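My entries are below the display.

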Amino acid sequence: MKSRIALLVLIIVLIGVLGFFNFPYLAQTVPMSLGITTIDAPLGLILLALTALMAVVFVAYVIAMQGAWLLEARAHAKEMAAQRELADKAEASRFTELRIAIENLHREEERKLLERLDVLESHLQARAQESDNSTAAYVGQLEQQLRARSHAASAVPSGDPLDVMPRNTQF
């Protein structure tokens, strides 16, 4: 881009220098044909003025194009901002949906875990009750055996009440 601008500036400077040094020849009046009539006018100045007019029109055209491009870029930036805002809202909505889904999944897993804990607790209580019953049955059986031995010992008058106990009592 800078090389194009430098080339245009160089051409304008060259035209200006040639016009400055050759102004007397550019200002000479010569017969000029307009197609219908012929007039005496400085042809060089007319061509230089037309070149300047063309340069002004070209600059105006470039400025108009730049303005249109800037307006289009501004409208595009606004549209992009609106699209970005819409995308951000959609993303926030997806995050909210994801959070709700995760919370629901967490609640469901927590419910399943609590149900499993309840089942395990009931099994544990049943096992504890079963263990208590077994222990009570063993104790009852041992009491019954002790009573049976004590009845048997009282029926035999031989003697020593210490014979009911085992002789080897090491633990």
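I note that the model is predicted, so local features need pLDDT of at least 70 and side-chain atom pairs count only at pLDDT 80 or more, while totals for chains, interfaces and linings use all residues. Residues are numbered from 1 along each chain as its sequence is written, and side-chain values use heavy atoms, with hydrogens and water left out.

Entry on alanine 90. I found alanine 90 in helix α3, residues 43-155 (a helix is a DSSP run of H or I, at least four residues, numbered from the N terminus). Its relative accessible area is 36%, so I logged alanine 90 as partly exposed (buried is under 20%, exposed over 50%, partly exposed in between, with a 1.4 Å probe and protein chains only). From the C-alpha atom of alanine 90 to that of serine 154, 64 residues along the chain, I read 94 Å.

Entry on salt bridges. I took a salt bridge as a side-chain nitrogen of Lys or Arg within 4 Å of a carboxyl oxygen of Asp or Glu. The count is 6.

I looked up glutamate 85 and lysine 89, whose closest N and O atoms are 3.5 Å apart in a salt bridge. Both lie in helix α3, 4 residues apart, about one turn of the helix. Lysine 89 is exposed at 52%, and glutamate 85 is partly exposed at 47%.

Next I looked up glutamate 108 and arginine 111, which form a salt bridge at 2.2 Å, N to O. They are separated by about one helical turn because they are 3 residues apart in helix α3.

Conventions:
Helix = DSSP H or I, 4+ residues; strand = E, 2+ residues; numbered from the N terminus.
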